[in-house]
Amino acid sequence: MVKLKKWIYPEEKVISSEIIKLCGSNIIAKLLIDRGIDTIDKVKNFLSPEKTELKSPYVFKDMKKAVERIKIAIDKQELILIYGDFDADGVTSTSLLLKMFKKLGANVDFYIPDRSKEGHGPNKKALIQLISKKQAKLIITVDCGISSIDEVKLVNSLGRDIIVTDHHDAPEVLPDAYAIINPKAYSKMETINESDCYLEYLAGVGVAYKLALAILEEYNQLDFKDELLPFVAIGSIADVVPLIEENRAIVKIGLELLSQNRPYNIVKLLEIAGFKSVENFSSDHIAFAIAPRINAIGRIDSASVAVEFLTTEDRDRIDYLAEKLNENNKIRQQLSEEIFQQADVKVQEEIDFKKTKGIVLTQKDWHPGIIGIVASKLSEKYYCPVFLISIDEENALLRCSARSVEGFHLFKNLQKCEDLLEHYGGHSQAAGFSALKENYEPLMQKLNELMNESLNEEILSPKLKVDANITMDDLTADFIEQIKQLEPFGSCNPVPVFSISNLKLNEYKQIGSNKNHLKLAFSLEDKSIGAVWWQNIDINANTTQNVNAAFFPSINEFNGNKSIQLEIKDIQNSDILLRESFTDLISSYPRWVDHRNKNDYAKYLTKYIKTTKNSYSIFAESQSIIEKLQKFPLFANKIQNRLTIQKTDELFLFEIPANKILFNELLEKSDTKILHFIPIFKWQMSSNLLIKQLYGMLKYAHSNKNGSASINEIAAKLSCGIDTTLSCLKLFNDANYINIKNLSSSSVDFELITQNLNSSISDLPQYDEFIKNLEFSINFRREILSQNIDEISVLLTK
């Protein structure tokens, strides 16, 4: 039940010339506008994130209280125990505070629980040991603790203080901690002002960084903050938090510091991952090389290894730990594939999608550190929420990792199950819980009920957001360089996805050591280009078909040579023409589909029209164009002009209207959702020919309609503007060809004076007015024809 994706394009919007100038190009301006960066100030902040003014740590109302308690601990050399988490966000949060406290000479240690045995967040057994054996006086949680009500109560009962720093969704009842620093708790405890609520985008490491800034400021050590920003960059990218506002600024600066300082540990791990001689660190280097290896150690072994790797200065130790991180990542990859194959078989054997709208699977031997990765892969494949549960027989526990799709909020739905759960936490799209094994049956029933109640066909339809349809000519090194202005990419600022239609798929083959990627070759007319499709070997096309490709363009370097390469996001057969992708767009702006680069338009469009279930019309007014279209049966009986056009799902525009007013009237009358732009035939009408044809119409009207004619009908038949028609009629009157009795914008009553035209008409003053109006239409059509689709949309709305 693998579903095809709908390709969703953004609504066409008017872009001010100021924003275009600031961005340096139309495409960058469009990308920013579509991301909600739609004012001059927002654009300036986005393009220059290093100038962003970061909010003071003291916007958190518990910050002052937390700093005062930490200062007492540092000054009295009380043991400060950092209680972390086992993923990359938790590891970098722990490492950041550990490095900061050591800089200040604090008595500090850290603890990260075992994922398989202890699970996420503080647990009572560990807390008792840390307090009794290590004599921890102050515990600071990072990236966890906001749901740990009982555990915090235990710490308080033992006479110790605990400060909770976290970024996960907060429950209705908060733990009674000494201080809570969590931007997502502000609505429940007024931790921060509502105007600063975008701080909720911070990762756990971003929250820890805010705490560190306040402490460094207290000790006049703010210069040390640059030593901490690389941790923030790594953890924020790894945790897939929105890279906007402050996150964008601190991640961008953190990546720049990594590029400048080139820390030995990060460079070493990149080299092991296959990235050699990296000049500028990007979010991709973190997301695909660093973060997986940090995450893997916490899934398979002890995350403490990763903390040591990030904080030690011993290069021999770094070499050893980097190899260990990499080996564990290989084990993680192997386990992930094994469990995925097992789970995928269970989906096909156990899940009836006619009865349930999501996936809940249970197995006693699944590694609890791996099931989150597998749940993510299954959710992507079947596009529905997935709950994978590993049974811990020894402790009679169920341990679950869940992943979801947009429209089903995991944390909020787990709140509805909390009477059946021991612990739970997470976000909208990723969460987890533990529960007693005895609650298995009611829990399964509840999860399925929640999914069946909340999910519908629309939510369960996978979508791919495509920023723009472009041409092969757009794919230049300069174009790719412009796109780099938007880096770093991540959540809420994804890599731009473009599409090109009607590419010929020349070949494709599996590549990679596990043959789990595709290498492809495309061509269009005389141009060719290579592509890769990571983590995919299935393709719904063959080399006999033309396809539409959605992709992110990049520069590929191999053996010293550079070439443009497409990183494929999806491929569809061109016969589909992205039809389903347009149904959800805002109706006031039709989706434009540009067919100007297609050679055999008739064959291509005939095939499309035969398969569409939508109503369609063809716009053409010039007789020469109509004659060409009438050769094709599917076109002939659908030809409409400005007077006959009616509401239609899809409009095929074979001719450009004479002016902006007519163009907009055509769009309004047709109310089309999809506008196929196909000005294959250029409008050709000389002044002499138009005069001759118009005079012929008047002679017919004089003989058959008592000298009365409709201005709109004349203009439509000549495919010209009303102004051109009126100025030509006035010219005929001045030349004594006709005697106008009554003239309005809609009709003319006249008597014919002569049957023959006189060439001296061009000497009359009115002739210049006629030529001016005619040339205005000709120039308008030329301008429209020369523009790309985005520019045409802007031009029509000016």
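Reader: Where is the place of Q565?

Author: The model is predicted, so that local features need pLDDT of at least 70 and side-chain atom pairs pLDDT 80 or more, whereas totals for chains, interfaces and linings use all residues. Residues are numbered from 1 along each chain as its sequence is written, and side-chain values use heavy atoms, without hydrogens and water. Strands are DSSP runs of E with at least two residues, and helices are runs of H or I with at least four, numbered from the N terminus. The place of Q565 is in strand 18 (residues 561-573).

Reader: Is Q565 buried or exposed?

Author: Buried means under 20% relative accessible area, exposed over 50%, and partly exposed in between, with a 1.4 Å probe and protein chains only. The relative accessible area of Q565 is 10%, so Q565 is buried.

Reader: Which strands stand at the edges of the open sheet of 5 strands?

Author: This sheet has mixed pairing and the order 7-8-9-11-10; two strands pair if DSSP finds at least two bridges between them. One side of each edge strand is left without a neighbour in the sheet because each has a single partner strand; these are strand 7 (359-363) and strand 10 (423-426).

Reader: At what angle do helix 24 and helix 26 pack?

Author: Axes are lines fitted to C-alpha atoms, for helices over the stretch in contact (heavy atoms within 4.5 Å), and angles run from 0 to 180 degrees between N-to-C directions. The axes of helix 24 (residues 687-704) and helix 26 (residues 722-734) are 11 Å apart. The packing angle is about 75°.
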